[in-house]
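This report describes one protein model for a reader who has not seen it before. The sequence and structure come first, and the description follows.

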Amino acid sequence: MDAQLAEIVENYVDAHTDDVSLLLEELLAETEKITGRSRWSIGKVEGKLLQMLIKISNTKRVVEVGTFTGYSALVMAEALPEDGILTTCENSREYADIARRYFEKSPYGQKIQLKLGPALQSLKAIPDNSEDFVFIDADKPSYGIYFDEALRILHTGGIIFVDNVFWRYKIFKKKITNENARAIAAFNQKVMQEDRVEKVMLSVRDGVYLIRKL
Ligand SMILES: C[S@@+](CC[C@H](N)C(=O)[O-])C[C@H]1O[C@@H](n2cnc3c(N)ncnc32)[C@H](O)[C@@H]1O
């Protein structure tokens with residue numbers, strides 16, 4: 001698909017998807033102002049997709065790897081039931097402080113527990129078979145390790161949702177030179193070869209992998 005058509009499709013998809021809450025829009029604007037990296041946040045369409053998945057799978061317990069300023073954590077917390085719990089992992093204090101500020105502003109923020117520190121360390125502390133849903137969106141070279149941990153902490157039927165599996169379309173190059181793109185390509189292959197899961201890759205935004213533990 002050429003770039004112009006891709007943009008037309010993206011705009012059309014956006015225009016035919018419900019809006020997120022005003023607080024999330026405010027968070028995105030402040031994220032851009034402070035960090036200049038609002039593109040790291042999943043944004044509206046992927047956010048609404050996550051909300052839909054959480055609702056239709058009756059998810060109560062979510063683990064997120066990569067909080068950044070809290071957009072995806074808040075979007076998921078909005079979709080969780082009253083007694084839902086979302087654990088989110090972030091190793092940057094600067095980003096975590098912004099996220100915490102917005103969790104406090106939100107009526108859904110009390111469902112969120114932020115773990116500051118290396119995500120792997122936080123994941124290791126989570127018991128086996130205890131979670132319903134894992135969202136992976138942090139350092140790309142560690143995706144394989146996060147996936148293994150996700151398989152351990154999820155119960156049978158639990159869902160793994162992975163962001164950026166196209167890595168800005170760099171994985172489609174004949175010769176992949178970008179380090180993150182290489183890591184993502186290896187990760188996608190690992191998932192494809194894993195028979196303890198069923199999976200579907202979706203061309204939403206920068207590519208997402210939707211995986212279910214068998
Ligand atoms: C793409 S951003 C996450 C965006 C977020 N999910 C959203 O949609 O709003 C990735 C985040 O992972 C964090 N991160 C990277 N490596 C990490 C690690 N080893 N442990 C914890 N967090 C990490 C980065 O600091 C960054 O904030």
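## Contacts along the chain

Of the contacts in the protein between residues at least 6 apart in sequence, 69% join residues at least 24 apart. Two residues are in contact if their C-beta atoms, placed from the backbone, lie within 7 Å.

## Basis of the model

The model is predicted: local features need pLDDT of at least 70, side-chain atom pairs count only at pLDDT 80 or more, and totals for chains, interfaces and linings use all residues. Residue numbers start from 1 along each chain as its sequence is written.

## Overall form

The protein has eight helices and seven strands; these are DSSP runs numbered from the N terminus, helices being H or I of at least four residues and strands E of at least two. The radius of gyration of the protein is 16 Å, close to the 17 Å that the globule rule gives for 214 residues, so the protein is as compact as a globular protein of that length. The radius is taken over C-alpha atoms, and the rule is 2.2 Å times the number of residues to the power 0.38.

Along the principal axes, the C-alpha atoms fill a box of roughly 45 × 40 × 30 Å.

## Helices α2 and α5

The axes of helix α2 (residues 22-35) and helix α5 (residues 93-105) come within 11 Å and cross at roughly 160 degrees. Axes are lines fitted to C-alpha atoms, for helices over the stretch in contact, with angles from 0 to 180 degrees between N-to-C directions. The contact is made by Leu 23, Leu 27, Thr 31 and Ile 34 of α2 and Ile 98, Tyr 102 and Lys 105 of α5.
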